[in-house]
Amino acid sequence: MPMKLTVSILLLLLATLFVAAGPAQSTRAADTPSAEITGEVALVEGSAQKNLQGNPQGKSARASDASQVVIWLVPIEPIQHIRTTPEKTHYRLVQRNKRFEPSLLVIPVGSIVDFPNADPWFHNVFSLYRGKRFDLGLYQAGAQRSVRFDRPGPSYLFCNIHPEMTGVVLAIDSDLFAISDKAGHYSISGVPPGKYLIRVWYENARPESLQELQRTTTIEGSNHALSTISVPVFTQVATEHKNKYNQDYDPDTLRPDY
């Protein structure tokens, strides 16, 4: 075959491959849109639950602080788009100033939470109420211990030395979630189009009330606003909890130097 003809054929093949590659990349980018989901939650106190059940005599009051409500989306159908950010499997919940920071940590089921002790004294983190049951034992300043949360639901955290330390780790079946601010506003970014189940959790709401708030929604386009979610809550009565041995805390542990 003449050299000139061979070169022409090679150039033609390269041009064909180049043209084919361009549209394929553009199509992949166009096939992976995502939306930002926004919405609002309202905490309804008093006899709100009667109101929601259709009692016209029921009275309710909207709480001024609607923060710490967790909203997440569970895909009902397989979705084509997968988030490009690396999957986060490790989270941190720091013990500092005899507090858990943050006091509410939301994670996908199966994630590992590290509990570093940033205080100059000992701590003993445990959870024996619903969710993941564990006891990290006593460990000193600067040390760290970890727990894998392999079951969904809230795990209520305490310290066996300091009764004022309380927190919650909420393990959920999704990585599309948000926590409301004081005004009740929230947003979830990077949501692929599709059909989802909306789920809600709030510490001072009864499980049966939260179950009734579940509903489905279809996400289309780049932005999507959900209707307001009214969460019926009950007034929490402050009660002292027991230590991990189901006994009262030792008053000596309340000394400022321990």
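Residues are numbered from 1 along each chain as its sequence is written, and side-chain values use heavy atoms, with hydrogens and water left out. Because the model is predicted, local features need pLDDT of at least 70 and side-chain atom pairs count only at pLDDT 80 or more, while totals for chains, interfaces and linings use all residues.

**Exercise 1.** Work out which strands stand at the edges of the five-stranded open sheet.

*Solution.* Begin with the terms: strands are DSSP runs of E with at least two residues, just as helices are runs of H or I with at least four, and both are numbered from the N terminus. Two strands pair if DSSP finds at least two bridges between them. Next, read the order of the open sheet, which is 7-13-12-9-10 with mixed pairing. Strand 7 (104–108) and strand 10 (134–135) each have a single partner strand, so they stand at the edges, and one side of each is left without a neighbour in the sheet. Finally, look at one pairing in detail: strand 9 (residues 125–127) and strand 10 are antiparallel and joined over two bridges, and S127 has F134 as its bridge partner in strand 10.

**Exercise 2.** Describe the aromatic cluster that F115, F134 and F149 form.

*Solution.* Rings of Phe, Tyr and Trp (its six-membered ring) pair if their centres lie within 6.5 Å; planes under 30 degrees apart count as stacked, over 60 as edge-to-face and the rest as tilted. By this rule there are three aromatic pairs. In one of them, F115 and F134 are tilted, with 5.9 Å centre to centre and 40° between the planes. Since F115 lies in strand 8 (residues 112–116) and F134 in strand 10, this pair ties together parts that are 19 residues apart in sequence. F134 and F149 form an edge-to-face pair, at 5.8 Å centre to centre and 85° between the planes. F149 belongs to the loop between strand 11 (144–148) and strand 12 (153–159), 15 residues apart from F134. F115 and F134 are both buried (under 20% relative accessible area, with exposed over 50% and partly exposed in between, for a 1.4 Å probe and protein chains only), and F149 is buried too.

**Exercise 3.** Decide whether K98 is buried or exposed, and describe its backbone and its charged end.

*Solution.* K98 is found in the loop between strand 5 (94–96) and strand 6. Its relative accessibility is 13%, so K98 counts as buried. Most residues other than glycine have a negative phi. K98, although not a glycine, has a positive phi of about 55°. Its charged end sits over the ring of W121, 5.0 Å from the centre, where the rule asks for NZ of Lys or CZ of Arg within 6 Å of the ring centre and within 35 degrees of the ring normal.
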